[in-house]
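Look at the sequence and the structure below before reading on. The paragraphs after them go through a few places in turn.

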Amino acid sequence: MLVVMKAQATQEQVQAVCDAIAQLGYRAHPLPGAQRTAIGITGNKGAVERGNLEALPGVAEVIRVSKPYKLASRDVKEEDTIIRFPGTDATMGGDGLAVIAGPCSVESREQAFAIAEQIAAAGAQFFRGGAYKPRTSPYAFQGLGLDALKIMAEIRDKFGLRIVTEALDGETLNLVAEWADVVQIGARNMQNFSLLKRAGCLRKPVLIKRGLSATLEEFLMAAEYVMSEGNYEVILCERGVRTFSDHARNTLDLSVIPAVRRVSHLPIVVDPSHGTGRRESVLPMARAAVAAGAHGILVEVHHQPDKALSDGPQSIYPDQLARMMDDLEQIAPVVGRHLVRGIRVEATTADNA
Ligand code: PEP
Ligand code: MN
């Protein structure tokens, strides 16, 4: 169920409706839009008892949302969600393309800094490095953990890049939320419902990768889990699904982009690295993803991919990232977007002191 407020409804009226929803025993999710605020209702087992919601001041109408995902749906919020990063001009969603780049794993301070420097020079706004790695083999490199989080915090201080990194479980979620700007939930955890709920209690954006065989509905329900707990800053990431195809690690399903955008207001970015598993396929698929309407690209970059401790074969060289940025800059305007080069960070009081 969804309460649509009138365009001229006041903040007090919105609050009064939220209180009335809480009194009925449900949870209210006010989602302000450009024209009006909509208030999603969750927590009901069956049909929502409408009470006198329709009669409250400022209410335009009360409507049923028939889709299983509600807060992620365009029925609840018509315009695209734009996620902002306080103190910077970086965004995810909206007209500016977000480029999220970095090594699969942070392997050492030297490695991470060498790559970050070139990523910043290429003009990306986000650095992504793995601190906790979900590896198929327990004997493979598992990540540097907290040390990697600290190295990436230094990278943010030095280059301004905002930090994206994966949390594997409840324990690492809190650490990642403390040190990073965006919490990634990996493909294998897309249906780890307890982890999604815990991510919903954070007040940090959450990037959810599509599960290896997830349908569109399952993908959006993962976002719904996070949103149902009150965290509305969710970014979806297409990273390829399993098919019979044997020329690539996965099959990058770019057709999910218009499908997501039709039914959801959430940003969707594309990961052509895991999506193909092959360095030479990354650039063409990144171009195609932007042409298909993606809000950004998440890409693995390594200065010495032959020596990488994980995912070397799909990591592009820094000069290939620079080329990718040039190409995306040209393609973006065709689909009403633009590539933002570099990140502007406001001076903090500490910097001024
Ligand atoms: C990763 O992003 O490095 C990763 C392991 O991705 P995925 O969860 O998509 O396999
Ligand atoms: Mn990887």
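Ser 315 is buried, with a relative accessibility of 1%; buried means under 20% relative accessible area, exposed over 50% and partly exposed in between, with a 1.4 Å probe and protein chains only. The model is predicted: local features need pLDDT of at least 70 and side-chain atom pairs count only at pLDDT 80 or more, while totals for chains, interfaces and linings use all residues. Residues are numbered from 1 along each chain as its sequence is written, chains are lettered from A and ligands numbered from 1 in the order in which they are written, and side-chain values use heavy atoms, with hydrogens and water left out.

Ser 315 sits in the loop between β14 and α10 (318-331). Helices (H or I, at least four residues) and strands (E, at least two) are DSSP runs, numbered from the N terminus. A polar atom of the Ser 315 side chain lies 2.7 Å from the backbone oxygen of Asp 311. Leaving aside residues up to four places away in sequence, Ser 315 touches Arg 279, Glu 300, Val 301, His 302 and Pro 305; contact means heavy atoms within 4.5 Å.

Are His 274 and Glu 300 buried or exposed? His 274 is buried, at 8% relative accessible area, and Glu 300 is buried at 0%.

Ligand 1 is surrounded by residues including Cys 104, Arg 188, Lys 209, His 274 and Glu 300. An oxygen atom of ligand 1 is 2.8 Å from an N or O atom in the side chain of Arg 188, and for Lys 209 the corresponding distance is 2.9 Å.

Elsewhere, strand β3 (residues 37-42) is largely enclosed by the rest of the structure, because six of its six residues are buried. Thr 37, Ile 39 and Ile 41 cover one side, and Ala 38, Gly 40 and Thr 42 are on the other. Strand β2 (residues 27-32) runs antiparallel to β3 and is joined to it by six bridges; two strands pair if DSSP finds at least two bridges between them. Within β3, Ala 38 is the bridge partner of Leu 31.

Note on methods:
Polar contact = N/O pair within 3.5 Å; in protein donor to acceptor, adjacent residues only side chain to side chain. Near = heavy atom within 4 Å.
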